[in-house]
Amino acid sequence: MEAFAALVDRHKGRVYRTLYQVVGDANEAQDLAQEVFVKVFRSLSSYRGDAAFTTWLHRICLNLAFDWLRARKRRPLTVPLEPPPGCEEQRPTDLPSNEEGPEERTLREERRERLREAIGRLSPDYREVVLLYHFHHLSYQQIADRLGIPVRTVETRLYRARANLKRLLTSMEGGDRGELQRPAPAAGSLLGSGAR
């Protein structure tokens, strides 16, 4: 039992962050995190080792989170792009550069907020593939397996979601009137067209 407690301590932050990203509610994410570890405890003997333990754990998190969303026919109204409340972890892309001043930080935060709002406006099918691909780093095949749809459908939904995001972000930034200039997205970025 001590080994399982150590396992929970080691992975609880990652589990909570994953769940919070999907459900968008800190309390629900905490409740679901407990369910994840109950499921892990009950299923540990069936873990085959085909994939890394963290991959298996991540899959359990996503399965429970999306089952929770479907069961309640809910989708998050906002999409959290920042770490959940009480989490001090910074992702490498969030670390300010030495040259970044207050204006650049403010612009970065405004872009992040617009992206969060735009993702929240996507249809549930499009939002789901965007979150799984760009925030949970699943491959097209993994998303297809998880959602029970063909890989081509994943590709199509992701393509259409990116087009919708681009349209939404353009309109949120003042359309083509040039109020805000933004650089073209880098290859492999959320709005880029690169596929994995």
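This is a predicted model: local features need pLDDT of at least 70, side-chain atom pairs count only at pLDDT 80 or more; totals for chains, interfaces and linings use all residues.
Me: Let's start with the overall make-up. How many helices and strands does the protein have?

Reply: The protein has 7 helices and 0 strands, so the order from the N terminus is simply α-α-α-α-α-α-α.

Me: Now, how do I describe two packed helices?

Reply: In general, you give the angle between their axes and the distance between the axes. Take helix α1 (residues 2-23) and helix α3 (residues 53-71): their axes come within 10 Å and cross at roughly 40 degrees.

Me: Are α1 and α3 roughly parallel or oblique to each other?

Reply: Angles under 35 degrees would count as roughly parallel; α1 and α3 are therefore oblique. As for handedness, α1 passes α3 in a right-handed crossing. Residues making the contact include Leu 7, His 11, Val 15 and Leu 19 of α1, and Phe 53, Leu 57, Cys 61 and Trp 68 of α3.

Me: What about contacts across the whole chain, by separation?

Reply: Look at contacts with a separation of 6 or more: residues 24 or more positions apart account for 65% of them.

Me: And burial? Where does His 134 lie, and does it count as buried or exposed?

Reply: Buried means under 20% relative accessible area. His 134 sits in helix α5 (residues 124-135), and its 13% relative accessibility is why it counts as buried. Its side chain also joins that of Arg 162 through a polar contact of 3.4 Å. Across the protein, 39% of the 196 residues count as buried.

Conventions: Residues are numbered from 1 along each chain as its sequence is written. Side-chain values use heavy atoms; hydrogens and water are left out. Helices (H or I, at least four residues) and strands (E, at least two) are DSSP runs, numbered from the N terminus. Buried means under 20% relative accessible area, exposed over 50%, partly exposed in between (1.4 Å probe, protein chains only). A polar contact is a pair of N or O atoms within 3.5 Å; within protein, one must be able to donate a hydrogen and the other to accept it, and residues adjacent in sequence count only if both atoms are side-chain atoms. Contact means heavy atoms within 4.5 Å. Axes are lines fitted to C-alpha atoms, for helices over the stretch in contact, and angles run from 0 to 180 degrees between N-to-C directions. Angles under 35 degrees count as roughly parallel, over 145 as roughly antiparallel, 65 to 115 as roughly perpendicular and the rest as oblique. A crossing is left-handed if the near helix is turned anticlockwise from the far one by less than a right angle, and right-handed if clockwise.
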